[in-house]
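Welcome! Take a moment to look over the sequence and the model, and then we can walk through a few of its parts together.

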Amino acid sequence: MDNMVDDEKVNQVVEKGKGSPPDRPGYELPLLLFAGFRTLIDRLHADLARQGHPDLRPAHGFAMQAVGTGGASASEIGRRLGVTKQAAGKTVDRLVALGYAERADDPADARRKLVRLTPHGLDALARSAAVFDELRAEWAHTVGAHRLAALEDDLRAVVPPEAFRLDAAGWLGGA
């Protein structure tokens, strides 16, 4: 099998994508989907850095989504992310150090600590949503609003509902 990370072949998906659909190899689809995801995430973080969130990383976004607006325990965050409680705790420690989250007593259970987003964390999430709206509008301008809506509809048709999970670390091989 060809080395897909070879410097000479790294952009072959973009360069070759001119053939008719039956002539396109199956491996191009996941690479194009991942490249689209990566393009959006890289742009998001560049914009967030300019807007006062230079230390925010993609893993932090997944973790803040796992915390949610109501807060969560480290065990819950770990389950939502598909990582151990300890790995979730390390990410939470980093979010706390950066001012995106805080630990607080759980009013429902004095033995438990909740992780909650701070105003800084909520600001990052709100700005992320706005940037994603801007990026979607750019894609709509580039490919056409109807084509982008059709792409989204087609992806919803082939992506099962249970695939919407935050455990990217689990399937990317990290913790």
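## A strand residue and a helix pair

R103 is found in strand β1. This is a predicted model, in which local features need pLDDT of at least 70 and side-chain atom pairs count only at pLDDT 80 or more, while totals for chains, interfaces and linings use all residues. Residues are numbered from 1 along each chain as its sequence is written, and side-chain values use heavy atoms, leaving out hydrogens and water.

Leaving aside residues up to four places away in sequence, R103 touches G89, V92, D93, V96, L114 and V115, where contact means heavy atoms within 4.5 Å. The C-alpha atoms of R103 and S73 are separated by 9.0 Å, although the two residues are 30 residues apart along the chain.

Strands β1 and β2 run antiparallel and are joined by 6 bridges (two strands pair if DSSP finds at least two bridges between them). A hairpin of 2 residues links β1 to β2, and E102 stands opposite R116 in β2.

Now for the helices:

| Helix | Residues | Contact residues |
|---|---|---|
| α3 | residues 58–67 | F62, A63, A66 and V67 |
| α4 | residues 74–81 | I77, R80 and L81 |

The axes of α3 and α4 come within 9 Å and cross at roughly 120°. That makes α3 oblique to α4 (angles under 35 degrees count as roughly parallel, over 145 as roughly antiparallel, 65 to 115 as roughly perpendicular and the rest as oblique). Their contact has 6 nonpolar, no polar and 1 charged residues.

Conventions. Axes are lines fitted to C-alpha atoms, for helices over the stretch in contact, and angles run from 0 to 180 degrees between N-to-C directions. Helices (H or I, at least four residues) and strands (E, at least two) are DSSP runs, numbered from the N terminus. Ala, Val, Leu, Ile, Met, Phe, Trp, Tyr, Cys and Pro count as nonpolar, Asp, Glu, Lys and Arg as charged, and the others, Gly among them, as polar.
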